[in-house]
Amino acid sequence: DGLYRWTYSEELCSFWNLVNLCLLNASLWALMFITLDRYIYIWRPLQYPNRVKTWGIVLMIILVWVISAVITFPLNDPEVSSIYGGGVKTCKIDLVPTYTIISAVFGYLIPLLIIIGLNMKIFWIVRGHVIRIVPTVRGDGKDGGGDVSSGRKLWKAARSLGMLAVSLIATYMPLLVFTNFNAFCDDCLEPSNYHYMKWLAYLNSALNPYMYAF
């Protein structure tokens with residue numbers, strides 16, 4: 001129990017949970033907009049500079065934080081969340097079922113479904129591009145040069161996004177299932193599991209740079 005003991009005030013615990021959930025939601029929505037940006041680039045590479053301007057990128061960043069703040073703001077209401085107490089105080093948020101479902105849908109399921117859908121579109125676009133490039137071999141036996149290089153870059157981008165989507169499901173799904181199940185059956189699951197699943201979600205952010213690199 002000492003590992004999960006919270007020795008600070010309830011106000012600080014509430015603030016910690018507020019920031020924690022806001023950053024998790026922001027991470028998911030940011031990944032969604034990154035996938036959307038990659039999709040536009042692969043779908044219309046020549047029109048990309050005209051379609052995606054600096055103001056568009058700024059708007060995406062603003063939307064990420066606005067959406068995350070809107071999803072997280074209800075945590076300030078004591079009727080929506082409360083802090084676990086008892087013999088040993090632990091800083092674990094206790095959400096009402098209605099908010100848990102709404103938070104899961106808008107904070108996780110919607111961006112995840114968009115990411116999966118865009119990745120499927122990217123895969124088919126890249127697959128069609130590679131199929132067109134592979135038979136393009138010059139009579140002297142040399143490959144298509146720049147076309148092949150372009151195809152490899154597109155395939156690498158599609159592969160990295162696919163890995164990001166799989167990582168997202170693997171690291172966030174346990175926490176999503178736990179929080180939703182725990183909202184309806186408080187005593188059915190061991191509270192300490194929440195901490196392990198939360199750190200598993202944190203792991204996603206640590207893995208992202210490596211997946212982008214490869």
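Buried means under 20% relative accessible area, exposed over 50%, and partly exposed in between, with a 1.4 Å probe and protein chains only. By that rule, 36% of the 214 residues of the protein count as buried. The model is a predicted one: local features need pLDDT of at least 70, side-chain atom pairs count only at pLDDT 80 or more, and totals for chains, interfaces and linings use all residues. Residues are numbered from 1 along each chain as its sequence is written, and side-chain values use heavy atoms, with hydrogens and water left out.

**Whole chain**

Start with a cartoon view. The protein has 6 helices and 2 strands, where helices (H or I, at least four residues) and strands (E, at least two) are DSSP runs numbered from the N terminus. Along the sequence the pattern reads α-α-α-β-β-α-α-α. A contact here means heavy atoms within 4.5 Å. Among contacts between residues at least 6 apart in sequence, 76% join residues at least 24 apart.

**The largest core**

Next, select Trp29, Phe33, Tyr99, Tyr108, Ile115, Leu168 and Tyr172; of the 28 residues in the largest nonpolar core, these touch the most other members. Such a core is a set of buried Ala, Val, Leu, Ile, Met, Phe, Trp, Tyr and Cys residues joined through side-chain atoms within 4.5 Å. The elements giving two or more residues to this core are H1, helix H3 (54-72), helix H4 (97-133), helix H5 (146-184) and helix H6 (192-213). H1 provides the largest share, 8 residues.

Apart from this core lies another, of 8 residues; Ile42, Tyr48, Val52 and Ile122 are among them.

**Isoleucine 115 and threonine 35**

Return to isoleucine 115 and show its surroundings. Leaving out residues up to four places away in sequence, isoleucine 115 touches Leu28, Leu31, Met32, Thr35, Ala165 and Leu168.

From that list, pick threonine 35, in helix H1 (residues 10-43). Threonine 35 has a relative accessible area of 1%, so it is buried. Where does a polar atom of the side chain of threonine 35 find a backbone oxygen? The backbone oxygen of leucine 31 lies 2.8 Å away from that side-chain atom. A polar contact is a pair of N or O atoms within 3.5 Å; within protein, one must be able to donate a hydrogen and the other to accept it, and residues adjacent in sequence count only if both atoms are side-chain atoms.

Switch to a surface view. The accessible surface comes to about 12,800 Å², and 68% of it belongs to carbon and sulfur atoms; areas come from the Shrake-Rupley method with a 1.4 Å probe, and for residues only the protein chains shown count as cover.

Colour Tyr8, Leu12, Phe15, Val19, Leu23, Ile57, Ile61 and Trp65, which make a nonpolar surface patch of about 780 Å². Like charges are joined within 9 Å, and nonpolar side chains (Val, Leu, Ile, Met, Phe, Trp, Tyr) within 5 Å. H1 and H3 each supply at least two residues of the patch, with the largest share, 4 residues, from H1. Leucine 12 counts as partly exposed because its relative accessibility is 40%.

**Two last stops**

Select tryptophan 16, also in helix H1. Not counting residues up to four places away in sequence, tryptophan 16 touches Trp6, Cys91, Lys198 and Tyr202. Tryptophan 16 and cysteine 91 are 75 residues apart in sequence and 8.5 Å apart in space, C-alpha to C-alpha.

Finish at arginine 159 in helix H5, partly exposed at 42% relative accessibility.

Note on methods: Patch = residues over 30% accessible without salt bridge, like charges linked within 9 Å, V, L, I, M, F, W, Y side chains within 5 Å. Salt bridge = Lys/Arg side-chain N within 4 Å of Asp/Glu carboxyl O.
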